Amino acid sequence: NPVDLSSHHGNLFKIEGDNLQFKLAPEFSDMPENNSKIVQIEAYDSSIRVTFNVTVQVKDENDNSPTITSPTETDVDEAVMSTYIFFQIEYDDPDTTFNDEIRFELVSEGDYSFFNIDEITGSLNFIESPDYEDPKDVGSDNVYHITVNIKDGSHEVQHSLSITVNNVNDLAPRLVQPSITINEDDSHINRVVNVGHFITDPDT
């Protein structure tokens, strides 16, 4: 018996023999909120025509890799507490059903050993408070380089990040006592001494 598709989503489907098929592979992200389409089908013979609806539900598949939307550079002031979250990896993934499977981890390279990352949220913090005057990064230039691995259960992508530690005025100036020799009877001689000879400040 002949079978026809009605105009109700009929442009998305075709009938091949006894099979109802999508014309193009469906995308879960393009489906309505209930993830289904209703297809109206007509079957008829020489004297009788029957119309019925078929609900086609599309299940999400983990077929897309996460796309990282975070910048590749950031900065943080020195002396922040080690618990301070200074950065969070952000991403887009159309496979919303599987987003709770996203996991973050630091790649064992560069300056990774100075950081913690929350495997669920992608939040980053220093293990120890950074000190601009005593940089610990590989280049000793207060720019830390790390790579984050992001997995969604089927795919994984990497994101490189550079973290610059900013100098802040967190140390008090120190008084130094230079040695100045004055001959007797020279006490009335005008003597000019740069104040920098007496004071030093590590916050250059």
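Predicted model: local features only at pLDDT ≥ 70, side-chain atom pairs only at ≥ 80, totals over all residues.
1. Residues are numbered from 1 along each chain as its sequence is written, and side-chain values use heavy atoms, without hydrogens and water.

2. Tyr144 has Ile163 in S14 as its bridge partner. Strands S13 (residues 143–151) and S14 (residues 156–166) pair antiparallel over nine bridges. Here strands are DSSP runs of E, at least two residues, numbered from the N terminus, and two strands pair if DSSP finds at least two bridges between them.

3. These strands belong to an open sheet of four, in the order S7-S14-S13-S10, with mixed pairing. S7 (73–77) and S10 (103–106) each have a single partner strand, so one side of each lacks a neighbour in the sheet.

4. Now to the rings: Phe114 and Tyr144 form an edge-to-face pair, 5.8 Å centre to centre with 80° between the planes. Rings of Phe, Tyr and Trp (its six-membered ring) pair if their centres lie within 6.5 Å; planes under 30 degrees apart are stacked, over 60 edge-to-face, and the rest tilted. Phe114 is partly exposed at 27% relative accessibility.

5. Phe115 and Phe126 make a tilted pair, with centres 4.5 Å apart and planes at 40°. Phe115 is buried at 3%, and Phe126 is buried at 3% relative accessibility. Ring pairs link Phe86, Phe114, Phe115, Phe126 and Tyr144 into a cluster.

Definitions and conventions
Buried < 20%, exposed > 50% of the residue type's maximum accessible area, 1.4 Å probe, protein only.
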